[in-house]
Amino acid sequence: MNGQSNGQTMTDGFHLVLDALKLNGVENLYGVAGIPITDLLRLAQAEGFRYIGFRHEQSAANAAAIAGFITGKPAVCMTVSAPGFLNGLVGLANATTNCFPMVLISGSSDRNIVDLEQGDYEEMDQLAAARPYAKAAYRVNRPQDIGLGVARAIRAAVSGRPGGVYLDLTAEVLGSVLDVETARKSLIKVVDPAPPQPPAAESVSRALELLASAQRPLVLLGKGAAYAQADDEIRSFIETTGIPFLPMSMAKGLLPDNHPQSAAAARSFAIGNADVVLVAGARLNWLLSHGKAPLWSEQTKLIQVDISPTEIDSNRAIAAPVVADIKSAFAAFNAALTPGQVKPSESWINDIATRKQTNVEKMAKRLNSDTTPMNFSNALRAVRDAIAGTPDVYIVNEGANTLDFGRNIIDMSLPRHRLDSGTWGVMGIGMGYAIGAAVESGKPVVALEGDSAFGFSGMEIETICRYNLPVVTVIFNNNGIYRGDKPGSAPSPTGFLNDARYDKIIEAFGGKGYHVADTKSLQNAVAEALASGKPALINAVIDPTAGTESGHIQSLNPKSALVTA
Ligand code: ADP
Ligand code: TZD
Ligand code: MG
């Protein structure tokens, strides 16, 4: 116990929170300081935690969320009351939506004032506000419950379908004292926080029998499969059966994108023509057209592996549900599989290969052209070539066109290394994810950012410079959301300043800025910045007319039902 070290017999809430986190293996803390948590953060540093202080709580929470995705352990974000909490809540909600484990701990005002709405400093009923957006939300009102509150938060975040958990700590509880012996006994080390959930044997044989009947099988991997850290089991299953596979964007790299069985370059053909699709760790949400036509055929039969039973049949009928954790499920598939039991037809493999080749050739024309200014394809080719020798680089990606082109052009070869806008298609994850990835992994990060997307978290460039993190941010600067305005016209709802120099921002903080307008300079800048291992920001000039409205999801814009004569 901390309090004991200087001969004291009493400890307090501040020490207990840190003791509880340390006991459960938490080493990094992300947050923004202020009343009532400043002393808690100071103490955390003194106690050996690595504390990363941000400029805005949303980025701190995003960093914790992505740390959870990368490591499989819930990371912790700490904020002040009311507005700081609300800023962090956006990141918590995003973590829950994406099934990433994290814990948001916010200090809160005294209950007696909040509950009678007497107008305290930063007064808010934070627990009630958090509940709809969190997987679970708890408040600790007594120091002897801190250990239990932390334990429950960690288990809730990481067990079953992972998500964000809110833990409310009142200013009063932080300051209260407790005798050291009672405090010690109150701490809980969470045993087996995310236990395996093996599948029922019948569900495994039902799934394999269906696959065995298939001529045109397909495996669709989602970010739940990447999160599950079942890399060997999944790869072995796919390679043994020879089934073509398709990764969702954050599942890229689970098997390398250049794997011969990847059907990514023939995505709609593969989904539309498969007779059996095994969906693993992916929801049939808007990103998969809800499993419906025209992308999907009604005849296709589905196997779905998911840890959450209520995911099954959520958007269309699932012929063979396998409710289990993905590591156990694929281990069970591999154990039950008999040689030659599952065999994709030769024509299916050939048809996919032909499609792939046609599409790759079509794309190559745009990729290999050189234009001034650059377009998304050739600029991303330059980035791709610059990072080719650094397969362990983490890629962060957000924007509309920058995201859609980036997903297709930047190949991944390692799992959990592509971090992007995810389930919500949200802007603002960029710098938080980049910082979280750099801190947790110690590896270089390249953040591919639309100029609009970057703006949501751009001030964290100072955070990146302050901690000297190896983050290279590339701004695809097309002067706006989707596209830029015509020079000289008044700003439209989507237009930004023409020719803004984002590279100057990082120079204010001592980082290295680059301003590039052609592919050769872009490639050199990315290569040099990556090799330096230091913070850099590259302002890449992109043709303001190159983007399309909403990128690849233009069809989601509502259209008026008003019929004009
Ligand atoms: P994507 O966006 O890549 O399609 P989603 O976020 O929609 O992926 O889906 C992830 C799914 O993975 C969720 O339904 C979640 O319940 C599931 N999941 C998360 N972790 C595991 C796990 N360890 N085992 C099985 N399923 C998991
Ligand atoms: N706000 C939030 C939090 N998330 C969003 N997704 C949006 C607004 C709407 N939006 C998109 O869906 S993409 C986008 C916005 C504002 C930015 C697109 O512009 P960009 O990328 O500069 O980042 P491109 O390359 O110019 O398309
Ligand atoms: Mg833009």
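**Charged pairs and ligand sites**

Modeller: At 15% relative accessibility, E462 counts as buried, because the cut-off is under 20%. Keep in mind that this is a predicted model.

Colleague: Which residue forms a salt bridge with E462?

Modeller: The closest N and O atoms of the pair are 3.0 Å apart. The pair links distant parts of the chain, 407 residues apart. E462 sits in helix 20, and its partner lies in the loop between strand 3 and helix 3. The partner is R55.

Colleague: Is R55 buried, partly exposed or exposed?

Modeller: Its relative accessibility is 42%. Buried needs under 20% and exposed needs over 50%. The value falls in between, so R55 is partly exposed.

Colleague: Which residues are joined into one network by salt bridges that share partners?

Modeller: R55 and E462 form a salt bridge. Salt bridges that share partners bring in R466 as well. The network is R55, E462 and R466.

Colleague: How many residues apart are R416 and D231?

Modeller: These two form a salt bridge, with the closest N and O atoms 2.8 Å apart. R416 is in the loop between helix 17 and strand 15, while D231 is in helix 12. The pair links distant parts of the chain, and the separation is 185 residues.

Colleague: Are R416 and D231 buried or exposed?

Modeller: R416 has a relative accessibility of 11%. D231 has a relative accessible area of 19%. Buried means under 20%, so R416 and D231 are each buried.

Colleague: How many salt bridges does a search of the whole structure find?

Modeller: The search of the whole structure gives a total of 19.

Colleague: Now ligand 1. What share of its area does the protein bury?

Modeller: An oxygen atom of ligand 1 is 2.8 Å from a side-chain N or O atom of R283. A polar side-chain atom of D306 lies 2.5 Å from an oxygen atom of the ligand. A backbone N or O atom of I307 is 3.1 Å from a nitrogen atom of ligand 1. Taken alone the ligand exposes 590 Å², and the protein buries 96% of that.

Colleague: Which helix gives the most to the shell around ligand 1?

Modeller: There are 21 residues around ligand 1, and R161, K223, R283, D306 and I326 come nearest. By class, the shell has 9 nonpolar, 6 polar and 6 charged residues. The top contribution from a helix is 3 residues, and it comes from helix 11.

Colleague: On to ligand 2. How much of it does the protein bury?

Modeller: A polar side-chain atom of T402 lies 2.6 Å from an oxygen atom of ligand 2. A polar backbone atom of A453 is 2.9 Å from an oxygen atom of the ligand. For a side-chain N or O atom of N478, the distance to a ligand oxygen atom is 3.0 Å. Taken alone ligand 2 exposes 600 Å², and the buried part is 77%.

Colleague: Which helix supplies the largest share of the shell around ligand 2?

Modeller: The shell has 8 nonpolar, 8 polar and 1 charged residues. Among the 17 residues, N401, T402, G425, D451 and A453 come nearest. Helix 17 and helix 19 each supply at least two residues. The largest share is 3 residues, from helix 19.

Technical notes:
Residues numbered from 1 in each chain as written. Chains lettered and ligands numbered in written order. Predicted model: local features only at pLDDT ≥ 70, side-chain atom pairs only at ≥ 80, totals over all residues. Heavy atoms only, no water. Near = heavy atom within 4 Å. Polar contact = N/O pair within 3.5 Å; in protein donor to acceptor, adjacent residues only side chain to side chain. Areas by Shrake-Rupley, 256 points an atom, 1.4 Å probe, with all protein chains shown as cover. Helix = DSSP H or I, 4+ residues; strand = E, 2+ residues; numbered from the N terminus. Nonpolar A, V, L, I, M, F, W, Y, C, P; charged D, E, K, R; others polar. Salt bridge = Lys/Arg side-chain N within 4 Å of Asp/Glu carboxyl O. Buried < 20%, exposed > 50% of the residue type's maximum accessible area, 1.4 Å probe, protein only.
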